[in-house]
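Okay, everyone, let's get started. I'd like to walk you through the overall build of this one, and then through some of its charged pairs.

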Amino acid sequence: MTQIKFPPLKNDLILKTIRGEPTERIPIWIMRQAGRYLPEFQEIRSKYDFFSICQTPTLACEVTLQPIKRFDLDAGIIFSDILVIPQAMGLTVDMIPGMGPVLPKPLKDPTDLVRLIQPNVEKDLKYVGDAITLTRYKLEGKVPLIGFTGAAWTLMSYMIQGGGSSTMIRAREWLYKYPNESHKLLQLITNVIIDYLVMQVKAGAQLLQVFESHSDFLNDELFENYSFKYLKEISEKVRQRLKKENIPEVPMIAFPKGATINSLELLAKSKTYEVLGLDWTIDPIEARKKFGSEIILQGNFDPCALYGSEQEIISRAQDMALKFGKIRYIANLGHGILPDTPIASVTAFIEGIHSI
């Protein structure tokens, strides 16, 4: 396949870190860095609904670039949402202000699986690929661009639960009550994810992150059977497909939020992903001891710590970075940035990391 020619990359700190090469400073990006805490995003959001922004490449590109223009970040992440996959599979997803995503007709039991369609990702999610390609051009090589997806269990749990939940009882019920059908659903979702990530790389994504945002609802047994199995397949098959189509591989990041230390170790030692994202509950020193020095770790500043004073944020960021170590480490939050985070706090966080 003929690859698209993009402007040469000027800041490759993240890619060098992943390759284990020395860098002059620790690279940093922030989950949900393009979004609702920025006044310039709120201005766009006042004119368009959430999914219209996702589905309009010029708007998604503009929003992706907003934090890059404002802050000294080392990567951009395309503005989209993990729930574009359930949408492409035939489910309605509404973004309700103050509530978040709502799926008004979730999957109630396995008889509902017939409602799902196998999408043509290149066509049905083309708007994401178009946004990535446009953004790569507009970035002018300033920083690399990250593409992403939700992982299979996280998407399955939304599709059954009908939205966010503090318990995920309906989704977890399926794992015990309908184990075979759960695997069938997870496989359907995984097949779409693989197509989706390959499409993003073809469009110009230089890294990929897989968000397993609901790992905190899985014990070690459930994680291994219903999450890790599919995380592994996603990574392996994306790489196989890219190799088959003669497209260079890109590094992959797994972020299993809330996973137990044993589940994280399983993922780290499998070497399925180059980078393991950690949430804010994991101690950096223990993580290094437990997972070894080979894997690159990403994280894991508590998003709520950004409500502290600017000097305290700088100090906490420096402390975190020193605990992780200056090599094989990408600084980030331990989850997405919160909607009312002060802009000055973000600047202080980046300053703290870059001062090391």
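So, of the 356 residues in the chain, 58% count as buried, where buried means under 20% relative accessible area, exposed means over 50%, and partly exposed is in between, with a 1.4 Å probe and protein chains only. Bear in mind that this is a predicted model, where local features need pLDDT of at least 70 and side-chain atom pairs count only at pLDDT 80 or more, while totals for chains, interfaces and linings use all residues. Residues are numbered from 1 along each chain as its sequence is written, and side-chain values use heavy atoms, with hydrogens and water left out.

The chain has 15 helices and 9 strands; these are DSSP runs numbered from the N terminus, helices being H or I with at least four residues and strands E with at least two. Its radius of gyration is 19 Å, close to the 21 Å that the globule rule gives for 356 residues, so the chain is as compact as a globular protein of that length. That radius is taken over C-alpha atoms, and the rule is 2.2 Å times the number of residues to the power 0.38.

Now have a look at helix α12, residues 261–270. Buried in there are S263, L264, E265, L267 and A268. What covers them? The cover includes α11, β6, β7 and α13.

On to charges. The structure holds 24 salt bridges, each one a side-chain nitrogen of Lys or Arg within 4 Å of a carboxyl oxygen of Asp or Glu. One of them pairs E40 with R70, their closest N and O atoms 2.9 Å apart. E40 sits in helix α2 and R70 in helix α4, so this pair ties together parts that are 30 residues apart in sequence.

K232 and E236 make another salt bridge, at 2.8 Å between the closest N and O atoms. These two are 4 residues apart in helix α11, about one helical turn. K232 is partly exposed at 31% relative accessible area, and E236 is partly exposed too, at 35%.

And K271 comes back here: E294 forms a salt bridge with K271, with the closest N and O atoms 3.1 Å apart. E294 is in the loop between α13 and β8 and K271 in the loop between α12 and β7, so the pair ties together parts 23 residues apart in sequence. Both E294 and K271 are exposed.

Finally, there's a network: E122, D195, K202, R241 and E245 are joined by salt bridges that share partners.

Conventions. Contact means heavy atoms within 4.5 Å.
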